[in-house]
Amino acid sequence: IYHVTLDKKLTANDLAEIKKGVRLIPEGIAVVDEISYIENRPKNEVGLEIHIGWNRVVRRIFEKLGYKVEALDRVSFAGLTKKGLNRGDYRPLTELEVNFLKMM
């Protein structure tokens with residue numbers, strides 16, 4: 001899950017276009033699991049959930065539609081978050097988190 005900040009407001013039409021999937025060359029159609037405006041934030045900030053790992057896929061989706069990604073923050077990965085951690089910090093995973101990752 002990503003928090004994306006764009007150089008301009010994302011239009012409702014482009015939001016719908018991204019929901020349908022965006023064709024990227026050479027891989028094909030980039031399917032987005034979820035995309036939405038972030039509540040109580042400007043319309044140039046969106047949340048995006050994606051399960052494909054193509055190179056720079058998030059930036060390329062928005063660039064294809066004429067947007068520049070000004071900030072990109074991975075909020076969650078495989079159920080893990082960085083909540084409570086300062087930039088550059090880390091913490092050991094709990095036993096439960098390790099077991100969950102092994103089941104994936």
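A: Two strands are counted as paired if DSSP finds at least two bridges between them, and the strands themselves (E, at least two residues), like the helices (H or I, at least four residues), are DSSP runs numbered from the N terminus. This is a predicted model, in which local features need pLDDT of at least 70 and side-chain atom pairs count only at pLDDT 80 or more, while totals for chains, interfaces and linings use all residues. Residues are numbered from 1 along each chain as its sequence is written, and side-chain values use heavy atoms, with hydrogens and water left out.

On these terms, four strands form an open sheet in the order β4-β5-β1-β6, with antiparallel pairing. Its edges are β4 and β6, each of which pairs on one side only. From one strand to the next the twist averages 20°, where axes are lines fitted to C-alpha atoms, for helices over the stretch in contact, and angles run from 0 to 180 degrees between N-to-C directions. Helix α1 (residues 12-20) packs on this sheet and touches β4 and β5, its direction making about 165° with that of β4; contact here means heavy atoms within 4.5 Å.

Strand β1 (residues 2-6) is joined by four bridges to the antiparallel β5 (residues 45-49), where E45 is the bridge partner of T5. Five bridges join β1 to β6 (residues 69-74), again antiparallel, and in this pair Y2 stands opposite R74. Strand β4 (residues 34-37) runs antiparallel to β5 and is joined to it by four bridges, with I35 opposite L48.

As for burial (buried being under 20% relative accessible area, exposed over 50%, and partly exposed in between, with a 1.4 Å probe and protein chains only), β1 is mostly covered, with four of its five residues buried. Strand β5 is largely enclosed by the rest of the structure, because four of its five residues are buried.
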